Amino acid sequence: MSQVSARALDEAIAWQLCLGSGNASEQQHREFARWLAAHPEHGLVWRRLGGIDQQLAAANTPLTRRALLQGGINRRRSLRRLGGGTLGLLLAAGVALTLLAQQRPLDDYLADYHTASGEQRDLLLADRSQVRLNSRSALDVEFDAKERRLRLRSGEILIQTAKGDTRPFIVETEQGRLHALGTRFLVRREGAATELIVLQSAVAARPRSATQERIIHSGEQVRMDRHHLSDSSPAPVGADAWSRGMLVADNLPLQQLIDQLGEYRSGYLGLDPSLSGLRISGSFPLHDSDKALAAIALSLPVQTERLGPWWTRVVPREK
């Protein structure tokens with residue numbers, strides 16, 4: 001699907017999973033119709049996915065089903081047994097569908113704003129505050145006469161609050177709420193926790209089940225679950241470098257670097273478990289993850305293993 005954008009493909013896959021579940025509401029069907037009519041590219045990618053579906057149905061053997069459902073190394077071995085022909089490519093597309101469903105909740109695509117893999121988006125809010133969404137992020141915006149509220153469903157945002165508006169500026173996640181005190185800060189959803197990094201001024205943080213908040217100051221970071229705030233620690237070097245297209249690693253576990261690069265790729269990017277103890281430092285381009293992987297291979301005894309455009313793994317370098 002080289003003639004369609006990665007964003008259109010991500011959105012079409014999400015709609016296919018949503019409508020194919022059998023549980024789509026009338027509202028979701030109307031939203032899909034609006035999406036389909038919004039751009040000619042949407043119709044193109046939708047028709048191509050439909051063709052893949054028909055061919056997968058014709059090849060619906062037990063081996064195919066196992067290849068689609070098994071994870072990690074089992075997927076790789078099944079695809080190798082099936083070879084590099086049309087069926088192998090179709091199975092790779094099916095694996096991509098499965099991986100997308102695992103990586104992102106489908107209702108993220110119904111948020112007020114969301115980004116696809118590798119995409120960043122800038123927002124200028126009604127109060128003149130600025131928000132940048134990182135890759136694979138989903139955000140709702142709710143302003144009223146009493147307060148300014150953002151709800152981060154997933155991913156990461158960088159916020160610069162505007163001056164002169166007296167309404168509280170609140171960022172809410174599943175784990176709790178953050179009250180900006182005239183500031184610039186980062187908020188990231190990470191599993192069952194929220195990470196806060198304050199770059200300027202301060203933010204008052206309160207877990208959902210707590211009754212008191214704590215002030216986090218410039219240059220500090222904390223991790224919040226529904227019940228607790230971690231102790232404050234120094235903010236990492238280059239925490240907002242992603243907003244300039246770079247990822248700065250300072251003795252970072254290689255697994256964390258691979259996980260972050262994976263957010264800018266469509267499909268699977270993994271690390272061989274035998275390499276989990278390696279750490280790395282340096283600056284890496286986020287929007288060219290192949291170049292970043294090549295730079296990693298220059299610094300560490302690793303290499304990349306690929307099966308088409310959808311499956312990449314960092315493994316020990318062959319001797």
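**Exercise 1. Find which residues lie nearest the centre of the largest pocket, and describe the lining.**

Step 1. The largest pocket is lined by 50 residues, and Arg188, Glu190, Glu195, Gln260 and Glu263 lie nearest its centre. A pocket here is an open set of points on a 1 Å grid over the protein atoms alone, where a 1.4 Å probe fits, with protein on both sides within 12 Å along at least five of seven lines; lining residues have an atom within 4 Å of a point.

Step 2. Elements giving two or more residues to this lining include helix H6 (86-103), strand E9 (184-190), strand E10 (193-200), strand E15 (246-253) and helix H7 (254-262). Helices (H or I, at least four residues) and strands (E, at least two) are DSSP runs, numbered from the N terminus. E15 gives the largest share, six residues.

Step 3. Sort the lining by class: 20 nonpolar, 17 polar and 13 charged residues. Ala, Val, Leu, Ile, Met, Phe, Trp, Tyr, Cys and Pro count as nonpolar; Asp, Glu, Lys and Arg count as charged; the others, Gly among them, are polar.

Step 4. The space in this pocket is about 1300 Å³. That volume is the space filled by probe spheres set on the points, with grid points joined across faces, edges and corners.

The model is predicted: local features need pLDDT of at least 70, side-chain atom pairs count only at pLDDT 80 or more, and totals for chains, interfaces and linings use all residues. Residues are numbered from 1 along each chain as its sequence is written, and side-chain values use heavy atoms, leaving out hydrogens and water.

**Exercise 2. Trace the open sheet of seven strands.**

Step 1. The order is E1-E4-E5-E7-E8-E11-E12, with mixed pairing. Two strands pair if DSSP finds at least two bridges between them.

Step 2. Strand E1 (113-114) and strand E12 (214-217) are the edges; each pairs on one side only.

Step 3. E5 and E7 (residues 169-173) run parallel, over four bridges. Arginine 148 stands opposite phenylalanine 169 in E7.

**Exercise 3. Judge the confidence over residues 51-91.**

Step 1. The protein averages a pLDDT of 81, and 77% of the residues score at least 70. pLDDT is the predictor's confidence in each residue, from 0 to 100.

Step 2. Over residues 51-91 the pLDDT is below 50.

Step 3. Where pLDDT is low, the predicted coordinates should not be read in detail.

Technical notes
Contact = heavy atoms within 4.5 Å.
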